[in-house]
Amino acid sequence: MHAHNLKTGAVALLALVAAAPAMAFPDKPIELVVPFSPGGGSDVSARVFAQCIEQHVDQKILVKNITGARGKIAEVEVRDAHADGYKLLWAHQGMDMGLATGRSDYNYTAFAPVATTVAMNYGIFAGAQSGIDSVEKLKAEVAANPGNYTIGTALNGFSHFAALDFLDQAGVSTDDVRTIPMSGDKTRIVAAIQGNLTLVPTAVGAAAPYVDSGDLSSVAVLSKDRDPRLGETLTGMEQGVDSTFPMYFTTFAPKDTPDDVVSTLAEVWMAAANDPDCQAQLQKQSMTVDAASGGALDEVLAQRYQRIEELADKFNLTATDG
Amino acid sequence: MYDLMLVGASHVFQPWTLLAIMCGVAGGLVIGSIPGLTSTMAIALMVPLTYAMDLEFALPLLMGVYCGAISGGLVGAILLNIPGTPASAGTCLDGYPMAAKGQATRALALAVYSSMIGGTLSGLALVLIAPLLAKVALSFGPWEYFALVVFTFSCISAMTAKGRAVKAFMAAFIGLALALVGLDEASGQTRLTFGFTAFESGFYELPALIGLFAISQLLADTDDIGQKGKVLKIDFQLRTFLGTFREVMSRKRDLLRSSFIGVIIGILPGVGPGLSNIVAYSQAKRASKTPEKFGTGELPESVMSPEAANNASMGGALIPMLTLGIPGDASTLMMLGAFMLHGIDPGPLLFRDHGDLIWVIFIAFFVAFAFCTVIYHFFIPLTMKAISVPRQYVIPVLLILCTVGCYSLNNRMFDVYCFLGFGLLGYFLHIARVPVLPVILGLILGPMAEEQLSLALAFGQGSVLPFVTRPISGTILLVAVLSLVLPPLLGRFRAKTAIDPA
């Protein structure tokens, strides 16, 4: 009797499981895994964008922070997750830098990309006491006193690549500006304010309050257009430096996620990204939208990775663990 | 400053926030009064619960728990002769004899009122000193921070019981070694991961902290299952309780001395209420005209001094935690973890950029003490129930809460395994009578020391001279060296002078 009941139960359950894919995706909340801690740029962008998404899909988007090892813990968690489209990763180019520098053995190609949406502008700032407030000034000062100036970066991390991209394009030799390994926007900003450090690569949003208060001066914003938060600050382009290096947040699904699920997600993500209300919300956090999905996305991701690899090769960032 | 204060006040004086502080205080009181459950444990249980809350709500709640848990220890100390937390060890000495003489209400009232006064005084010290120190600390470079960490480690010898200094240092080095595991954020190198990706994140402070303190404590508590502590019967009279306030106020000098000792010891890194109550008790005895009556439960100041001091240490311990990010004791360590969990980095910048949050903390601190006192007037019978709950019901519930909490902190099972692993480590250390706090200090301050040292060397182009030539870091390092070298030298000198006359 018992066994029989169990059997019918099992059959019913099986039927249910079999029927599940037939139901419209998504039929339960979607988890969006943020690889960094609450309050940081990644987290804020994900939370704001998740609210936008909820306007365009009938499900909840649960933002979940899994931190550690510069995002690797979360990346591996999503990479190895059940490929059903209910667990997604909110990553930036840091993931690709892991492979380019030999810290990890995978990059964006280990995932099924959904869409790249939010972009956070990055910039190069300097401690106000240094008197450096433009690319021209920077070049002149460095040429006059090579080795006298410093730049703080988390080695082989995003800030390092952004700094290298800028210095490379500006034609400032990395031999003339000493690189100081230091992590965290705040640590770098404090050191620059105190005058211990000259140059700080950091997110515009993080530096803006200190630029307002006169503790930091901005050298260049590494974006195509000026950042609305610091409207006065010239971009690199405007100063003749062809360096654009915003932090692009891209949503990834596990590799084997069914194509129709990925395209459903991409549609929703693109709709949210192009929603003016959403863009206004993001702008409050000094973030912009630079959206792409499908074939265009593959192209963009390949381009971004190519530049990262170029920089890694040029500045010999691969041999650190040697 | 006043506008920030008003903003802070407007955040705290919201009905729900006030309720949160009250619940925090009540919860802290109950947990703190159960012998064996420390204030660290109380905060450990609450931190994961506050995870999803707004900051303006979570901080007052945590402050409530912190205040409630530290002062909760006095009930067990007086009625059970077992201190609920180490912070109340000194309260047992005279509080229990007084209660045993049938003056339980008087003993409790003395302790409660002096707690309140000590706490309020330390709150004032916090409000006055912290912003000044934060201003000075804004100019602290890596040299000063490294010197501070060195100083903290030198304090480890001061805070451990006599003869355990070597064990304490051993524990600190265990912590330092564990801190090496994982990815170094600044240089991008991974260390000691043995090829496991999970290890690359290193060990998180909170699961380690909760494991080391909570599991070892709870396992040790299982020894007490079946033993019934003798709870003194008390005939609680609110009028006698209120009347004792005048007696407390007649001992202003003892209150001031003990509070001062409490604040100063609280500010020193690594030591806190656990030490200050004993020191205040012995100083009160030294200053007394009738030291022979200490321990008999007759004198009011013998109950008041340790209680005023342990609460005074709380405000003191918050000063270095908020201004420098260096915790004063285990409970502030836990608070530090909680702050970081909410995305706040305690440090001088916190005062500059988030003045309103600072005032939320300050005001919540005072409000928590006010609630604490009010609650004591009416809920002493309730806390008496709490201290007599059989241990076998408490332990499993707390273990489950801790486990769930550790998972929710970072949403992964690895942290739960860490929590259990650190718990075992803590239990073994407990058996070997090795203090646990230095392990955690090593784990938290190790990376800080490394980061600041390498930064200092990078800025100074490899020169170690600035450590000595920069005035603040030089002074701190000198004090650190003296605190290590002087006590044994003095001891030898005293031994010599003691022998010579003979």
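Student: How many bridges join β4(A) to strand β11 (residues 288-293) of chain A?
Tutor: The model is a predicted one. In it, β4(A) and β11 of chain A run antiparallel. One facing pair along them is A:T116 opposite A:A292 in β11(A). The bridges that join β4(A) to β11 number four.

Student: Over how many bridges do β4(A) and strand β10 (residues 247-254) of chain A pair?
Tutor: Strand β10 of chain A pairs with β4(A) in the antiparallel sense. A:F111 of chain A has A:P254 in β10(A) standing opposite. The number of bridges for β4(A) and β10 is seven.

Student: How many residues of strand β4 (residues 111-120) of chain A are buried?
Tutor: A residue counts as buried when 20 or more other C-beta atoms lie within 10 Å of its own. Strand β4 of chain A is mostly covered by this test. Of its ten residues, the buried ones number ten.

Student: Which are the edge strands of the sheet in chain A?
Tutor: The open sheet has six strands with mixed pairing, in the order β2-β1-β3-β10-β4-β11 of chain A. From one strand to the next the twist averages 25°. An edge strand here pairs on one side only, and in chain A this applies to β2 and β11.

Student: Is A:A69 buried or exposed?
Tutor: A:A69 sits in the loop between β2 (61-65) and α3 (72-79) of chain A. Its phi is near 50°, which is positive although the residue is not glycine. Because A:A69 has 24 C-beta neighbours inside 10 Å, it counts as buried.

Student: Is B:L192 buried or exposed?
Tutor: B:L192 belongs to the loop between β2 (189-191) and α8 (205-221) of chain B. Phi of B:L192 is near 50°, a positive value in a residue other than glycine. With 12 C-beta neighbours inside 10 Å, B:L192 therefore counts as exposed.

Student: What distance separates the C-alpha atoms of A:E54 and A:A272?
Tutor: A:E54 is part of helix α2 (residues 41-54) of chain A, and its 16 C-beta neighbours inside 10 Å make it partly exposed. Leaving aside neighbours within four places in sequence, A:E54 is in contact with A:K60 and A:I61. A:E54 and A:A272 are 218 residues apart along the chain, yet their C-alpha atoms are separated by 8.4 Å.

Student: How many residues of domain 2 of chain A are in contact with domain 1 of chain A?
Tutor: Chain A is divided into domain 1 (28-121 + 246-314) and domain 2 (122-239). Their centres, taken over C-alpha atoms, are 26 Å apart. Domain 1 of chain A brings 17 residues to the contact, and domain 2 of chain A brings 19.

Student: How many charged residues are on the side of chain A that touches chain B?
Tutor: The contact takes 30 residues from chain A and 24 from chain B. On the side of chain A, β2, α3, β7 (177-181) and α7 (185-194) each supply at least two residues. By class, that side has twelve nonpolar residues and twelve polar ones, and its charged residues number six.

Student: Which residue is 14 residues apart in sequence from B:M335 and 8.6 Å apart in space?
Tutor: B:M335 is found in helix α13 (residues 330-341) of chain B, and B:M335 is buried because 28 other C-beta atoms lie within 10 Å. Leaving aside neighbours within four places in sequence, the contacts of B:M335 include B:I43, B:L62 and B:Y66. The residue at 8.6 Å from B:M335, C-alpha to C-alpha, is B:M321.

Technical notes: Residues numbered from 1 in each chain as written. Chains lettered and ligands numbered in written order. Predicted model: local features only at pLDDT ≥ 70, side-chain atom pairs only at ≥ 80, totals over all residues. Contact = placed C-beta atoms within 7 Å. Nonpolar A, V, L, I, M, F, W, Y, C, P; charged D, E, K, R; others polar. Pairing = 2+ DSSP bridges. Domains from an automatic or database assignment. Axes fitted to C-alpha atoms, helices over the stretch in contact; angles between N-to-C directions.
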